[in-house]
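Here is a short report for a reader new to this structure.

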Amino acid sequence: MTKEKVVFFGLSTEGYYLASQMAINGADVRIIDEAKASAILLKPEIAKTYSTVASLTEDEPLLAMEPSNIAISKAKYLFFTPRIRKTGHDLKTEVNSKFRDAVEGLEKDSSVINCLATGFGGNNENISLLRHVTGFDIGQTKSKSEKSVSYFYFPIHDLNKTPESIGSLKKTDGKNLLSLLKMDKKEKKFVDISSAEYLHAINTIQRFSGLCSILEVCKFVKNDTKHTILFNDFKNIYLDDMVTGLYDLHMLGSSFESAQTLMYLINGSIRGISGYIKRLIDTIRITLKKNELKASKTKIVLSWTLDTNEMRGDKIEMLNTIASKLRDYIGDVETSTGSVDLFHHDKTTIVVACSSYDYKEIMERQKDEDVFVIKANPLCEI
């Protein structure tokens with residue numbers, strides 16, 4: 001493989017994962033930290049030593065740097081892997097603003113690979129913006145004298161299972177891109193961009209429809225031992241799993257105007273997640289009432305170990321939403337990521353375990369402590 005210059009825009013978990021694999025496989029890789037406007041040269045030994053963004057930023061090893069605009073101007077492949085933290089109406093503005101920053105310095109004959117999920121037609125908006133910002137034609141051009149940039153869509157959602165197909169504007173000879181993205185034994189294939197959008201939409205909607213069926217039915221399951229054994233399969237689905245990919249669902253929802261069936265499925269899923277949050281908060285309130293606990297003498301700890309470097313910010317947003325809703329009637333609400341001292345003897349502590357990892361951590365550390373633990377799973381077990 002020729003040493004293609006590869007640049008990642010966004011020091012995110014997903015970007016760093018792909019960048020590390022490529023660096024280890026011999027590509028010339030740089031990764032741009034948006035906050036610092038500088039590009040880090042990612043050498044194979046660095047990629048092997050630091051498996052995550054968190055470990056890299058914690059240790060602060062000496063890294064070769066160059067200004068991000070220079071790195072982008074030399075890039076043959078530019079991967080768009082930013083950290084998006086805005087929500088609601090500001091979401092698309094943030095995505096567009098970062099995309100504009102990423103592609104501004106591109107030179108002809110380079111390729112942009114968008115790794116952030118869009119709704120239907122979202123890539124067409126990116127392509128228009130790319131054409132407007134660079135002034136180049138997008139896609140393969142007929143004559144050599146014309147200047148062009150290629151565009152691909154590769155929405156990363158789960159690092160253990162990257163998409164099998166790459167959305168492409170034209171049936172392109174992207175052999176080098178295929179070899180860069182060969183993470184596992186399976187060869188990826190090129191499909192047209194709208195097909196890549198549809199495939200990602202099917203995966204997203206299917207996942208949430210299935211999940212919301214479980215959440216809605218589990219509302220009716222009584223928490224007595226006789227019944228709950230039958231529902232063991234669902235006990236290890238935690239809030240952390242439920243919120244994964246919610247960003248993608250919202251993006252899909254924002255691409256339709258009319259009330260079509262697809263919109264009912266998307267909105268139903270979004271409502272299902274909101275309904276679950278309400279139920280979780282009600283469970284906490286019922287726990288207080290049943291055990292005659294005073295709000296002023298109770299502390300609530302939301303235990304959710306989050307990856308703050310993910311591209312999507314929906315888990316951080318969800319944690320903040322739940323915390324602020326709880327603070328409406330209990331003053332002392334703390335969010336912790338496994339490490340905080342959970343147990344305060346002057347108050348009764350209710351800990352909400354938001355992932356299987358956090359649940360295991362809590363159970364190991366609270367053996368002798370008198371606390372209430374609520375599992376944020378479909379059964380809301382206490």
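H8 and H11 are roughly perpendicular to each other. This is a predicted model. H8 covers residues 193-218 and H11 covers residues 246-253. Their packing angle is about 115°, and their axes lie 10 Å apart. The crossing of H8 past H11 is left-handed.

Which residues in H8 meet H11? They are His-200, Ala-201, Thr-204, Ile-205 and Phe-208. On the H11 side, the partners are Leu-246, Asp-248, Leu-249 and Leu-252. By type, the residues of this contact split into 6 nonpolar, 2 polar and 1 charged.

## Nonpolar cores

The largest nonpolar core holds 62 residues. Within this core, Met-22 and Phe-79 touch the most other members. Beyond its neighbours within four places in sequence, Phe-79 contacts a set of residues including Val-6, Val-7, Phe-8 and Phe-9. Met-22, Ile-113, Cys-115 and Leu-181 are also among them. Another core, of 46 residues, lies apart from the largest one. Its members include Leu-280, Ile-330, Val-333 and Val-352.

## A lysine in H13

Lys-315 sits in helix H13, residues 314-327. Is Lys-315 buried or exposed? Its relative accessible area is 9%, so Lys-315 is buried, the cut-off being under 20%. Not counting residues up to four places away in sequence, Lys-315 touches Asp-240, Val-243, Thr-244, Trp-304, Leu-306 and Glu-310.

Ala-295 lies between helix H12 (261-290) and strand S11 (298-303). Leaving aside neighbours within four places in sequence, Ala-295 is in contact with Tyr-329 and Ile-330. Ile-330 is also a member of the core of 46 residues. Ala-295 and Leu-129 are 166 residues apart in sequence. In space, their C-alpha atoms are 52 Å apart.

Glu-292 is placed in the loop between H12 and S11. Asp-109 is in the loop between helix H5 (90-103) and strand S6 (111-114). Most residues other than glycine have a negative phi. Asp-109 has a positive phi of about 65°, although it is not a glycine. Glu-292 is not a glycine either, and its phi is positive at about 50°.

| Residue | Relative accessibility | Class |
|---|---|---|
| Ala-295 | 33% | partly exposed |
| Asp-109 | 46% | partly exposed |
| Glu-292 | 74% | exposed |

Methods: Residues are numbered from 1 along each chain as its sequence is written. This is a predicted model: local features need pLDDT of at least 70, side-chain atom pairs count only at pLDDT 80 or more; totals for chains, interfaces and linings use all residues. Side-chain values use heavy atoms; hydrogens and water are left out. Axes are lines fitted to C-alpha atoms, for helices over the stretch in contact, and angles run from 0 to 180 degrees between N-to-C directions. Helices (H or I, at least four residues) and strands (E, at least two) are DSSP runs, numbered from the N terminus. Angles under 35 degrees count as roughly parallel, over 145 as roughly antiparallel, 65 to 115 as roughly perpendicular and the rest as oblique. A crossing is left-handed if the near helix is turned anticlockwise from the far one by less than a right angle, and right-handed if clockwise. Contact means heavy atoms within 4.5 Å. Ala, Val, Leu, Ile, Met, Phe, Trp, Tyr, Cys and Pro count as nonpolar, Asp, Glu, Lys and Arg as charged, and the others, Gly among them, as polar. A nonpolar core is a set of buried Ala, Val, Leu, Ile, Met, Phe, Trp, Tyr and Cys residues joined through side-chain atoms within 4.5 Å. Buried means under 20% relative accessible area, exposed over 50%, partly exposed in between (1.4 Å probe, protein chains only).
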